Every structure is written in C-alpha cells, then in structure tokens.
Amino acid sequence: MVISVKRCVTILGATGSIGLNTLDVIHRHPDRFSVHALTASTSVETMSELCHKFRPRYAVMADKAAGQALSAALSDLPSVTVLSGAEALAQVAADPEADTVMAAIVGAAGLPPTLAAVRAGKRVLLANKEALVMSGKLFMDAVRTSGAEVLPIDSEHNAIFQCMPADRIRDTAGAGVTRILLTASGGPFRTYTAEALRHVLPAEACAHPNWSMGQKISVDSATLMNKGLELIEACWLFNTTPDMIEVHVHPESIIHSMVEYADGSVLAQLGSPDMRTPIANGLAWPERIDAGVAPLDLFRIGQFHFERPDLERFPCLRLAAEAFQQGGTAPAVLNAANEEAVAAFLAGKLCFADIPSIIERTLAAVEVVPADSFDTIFTKDAEARFRAREQIPGLAV
Ligand code: NAD
Ligand code: MG
C-alpha cells in the first residue's frame, strides 16, 4: 500500500483514557505517525514514561509545579523540551510543525488549546465534546474560517460520520438524511429505580458496563448527561436540530449510531466497544488502519436490544436538549454546572440523584445572553461554576 502522508501528531490530554488509546494506535504504525507534543495536567509519572517511549519534541504540563517535576524526571532526555501553563498548551496545539491534534483534555479546560488548533487549521480529532458544547457556533465559525478539518472521535459521532457521505456532513438535508439514531448504553444504572439512584457510590458510577473511560465521562454516562452533551455535539457537527435526532438506548453498545435516509435505508456502524476504532479512523482518514481492536463476534453477542431513554429517572438528557433550544450561553452554563456537580459527587459531597438538580438550579440562576464572543462564554462558565458551588452544600449527602 502507498502511504501518502506521515502525520505529525500532538496529543492534548495524553495521559487520559483517550490519550493513551491514541498512543496505542500510533505505536502500531511508526511508518505513518510521529509524536510532536504530549500534554497533561498533573500526572508526572505517566508523562515521564510516555516521553521516554515516544520521544516527543515538547512535553507540556498544565500545572506549573508538575512542569518542574517533569523537567527533573526528563533530565536524561535533552531532546524533549518541557513547558508548562495554559499558554504553552495553546502554543503546542498551534505549532506549525504538527499537522494533527488529538483534542482529548476533559472538560472546559480543553476549549482554549482545542480552539488554538482549530484556528491554526489543523486536522483536529475532537474527543473533547465539552469544548463544542460550550461554544458551538463560534467554534464551528472558527473551523470554517481556518479550514481546519474536524473529525469526530466520540464513538457515536464517528459512527454518524462514517454513515454519511463524507463531503455532505454539514448538509444532512441535501444528503437525504431524515433522522439520526444516536445510540446510548444507558450506563450502569439503566435499570435502577429513582430511590436506588439516591444511594449509588462514585466507584459504581465509574464502573461502566461496556466502556473503560475517564471518571468524568463515566459519571456523565451514568446520568445520561453524556448523551445530552452528545446531542448538542451532533447538532453542531452535522448542522442539524434535536428533533432530527432520536436517542436509542442500546445496552450492548455494538451499534455506535445510525443514519436514516429518505428512501428508508438505515446505515449503522458497528464494532466492539473500543475507542481505538474511532481514533484510528480519525488518524488515518480516509484510509483504514489496524487499530488492535478485537473482531466483532455477533454469534457471541446474539441479540441487540433497544429502549427509549427514561427522562424521569435521567433528567440530564432533557436539560441538555432544553439548553440547546434556549441557545446563547445556556449550553456553556449547563456544561459548567455539570462539571461542578460531577466533581462534588466524585468527592463524596453530593448525592448522584442531585446532580440534575444542581444543573437545573444553576440554569435558572444564570441569565442567558447571546454567545457572541469566547470572553462572554468564559465569563458565563465562571458565573455558572460559582452558582453551582453555592447550591451544593444545601444538598450535601
Ligand atoms: P481522562 O480523565 O481519562 O483524561 C483527561 C486528560 O486531560 C488527562 O490527560 C489529563 O491530564 C488532562 N487534563 C485534565 N484536566 C486538565 C486541565 N485542567 N488542563 C489540561 N489538561 C487537563 O478523560 P478521557 O476519558 O480520556 O476523556 C477525554 C475527553 O474525551 C472528554 O472530553 C470526554 O468526554 C471525551 N471522550 C472520552 C471517551 C472515552 O472513552 N474515554 C469517549 C468519547 C469522548
Ligand atoms: Mg460517546
């Protein structure tokens, strides 16, 4: 096979679940990919191991003290330049030496460097859905202005991308798409009663039945906020509206999403629940490469099931759809309140079932304004965090 381009890749959030899976795929293809920069927040030990293995040009720690510790740990590797701080993250994301950026920082912290990569016109492999949820229209405007190539890594959005004509993903109507069927596992508490949801523990929420992921997205999957964020993400990526998207709970997590066309055809993308599939798809697109993923054994799986989501027990999906419909800064407020509520739950300071209450109260407390600049979005993000934290002691476990 002729290989056209050797891609030079920067990974934002290299020590996380998506970051490590990305490096696993890259490691299988030394002829196709080189690593330009790796970034992390505080995990010095993992970063040191990754730098010794992948020899990037830059290693960036968001935390300054962690940057100093990493410099010491890499004293035997003078070829790796260690930087630290938020500006350094944006600097490596935009560095002309790299052509591809994996955006895999969790949460709002990922928006500035992901945006820097977009503005620099990179191939941006978008895992950091919160960045798009917060700033949807401005983010997509920046993509159009710079000509960046944004490829979805979230498994559902990557599935939808694979089921649509690649040159029409922002023109669903023109492509004859009548519906997007967004699948959801339902999370670990799919069958729990409302009362049982009051007593679940962080460790139970983080033990997803099908996927191995970071803590925040695991809790989001358990509340169905992950599906809410993904609904908003799909609206922006595929230029569509929530009424065109129907969430299907599919507990086996084998069909990663589907696209329905005017002639009645429904195209689906299937595979083992392993993020290396969408990551490899984005890294190599439009080619296909080995991702190390186990082949799908449908005889072993046997059956597929589908249910409607229960918005009574899992109101986060409804809150997200409403925030998108409200528009302006509402999705940024939703996202910030969710991040604060999830952090409080993980710290044992909030009951699982009160996560949606915090979000709903914060949405009611923070005035929605037009999302006309990134500054406005960051201001509303900060205000929402303040308001959400104010509510938490009153609901503490
Ligand atoms: P994770 O918690 O495992 O890793 C997060 C990474 O971000 C780490 O490298 C961490 O060092 C870095 N980070 C955290 N806070 C930071 C900060 N303030 N500044 C700079 N860096 C920071 O998370 P994950 O599960 O890999 O998820 C990453 C993103 O991908 C999330 O937005 C998530 O929604 C999305 N995503 C993940 C999966 C999955 O299977 N894990 C699937 C789809 C989408
Ligand atoms: Mg997903």
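Reader: Which residues is leucine 38 in contact with, leaving aside its neighbours within four places in sequence?

Author: This is a predicted model. Two residues are in contact if their C-beta atoms lie within 7 Å. By that reading, leucine 38 is in contact with Ile11, Ala14, Met47, Leu50, Cys51, Phe54, Pro56 and Ala59.

Reader: Which residues have the most contacts inside the largest nonpolar core?

Author: In soluble globular proteins, nonpolar side chains tend to be buried together. Here the largest nonpolar core has 121 residues, and those with the most contacts inside it are Leu38, Ala103, Leu125, Ala320, Ala337 and Ala341. Helix H15, residues 330–346, supplies the largest share of this core, ten residues.

Reader: At what angle do helices H14 and H16 pack?

Author: Angles under 35 degrees count as roughly parallel. Helix H14 (residues 316–326) and helix H16 (residues 355–365) pack at about 20 degrees, with axes 10 Å apart; H14 and H16 are therefore roughly parallel to each other. On the H14 side the contact is made by Cys316, Leu319 and Ala323, and on the H16 side by Pro356, Ile359, Glu360 and Leu363. The crossing of H14 and H16 is left-handed.

How values were computed:
Residues are numbered from 1 along each chain as its sequence is written. Chains are lettered from A and ligands numbered from 1 in the order in which they are written. This is a predicted model: local features need pLDDT of at least 70, side-chain atom pairs count only at pLDDT 80 or more; totals for chains, interfaces and linings use all residues. A nonpolar core is a set of buried Ala, Val, Leu, Ile, Met, Phe, Trp, Tyr and Cys residues joined through C-beta atoms within 7 Å. A residue is buried if 20 or more other C-beta atoms lie within 10 Å of its own, exposed if 12 or fewer, and partly exposed in between; C-beta atoms are placed from the backbone. Helices (H or I, at least four residues) and strands (E, at least two) are DSSP runs, numbered from the N terminus. Axes are lines fitted to C-alpha atoms, for helices over the stretch in contact, and angles run from 0 to 180 degrees between N-to-C directions. Angles under 35 degrees count as roughly parallel, over 145 as roughly antiparallel, 65 to 115 as roughly perpendicular and the rest as oblique. A crossing is left-handed if the near helix is turned anticlockwise from the far one by less than a right angle, and right-handed if clockwise.
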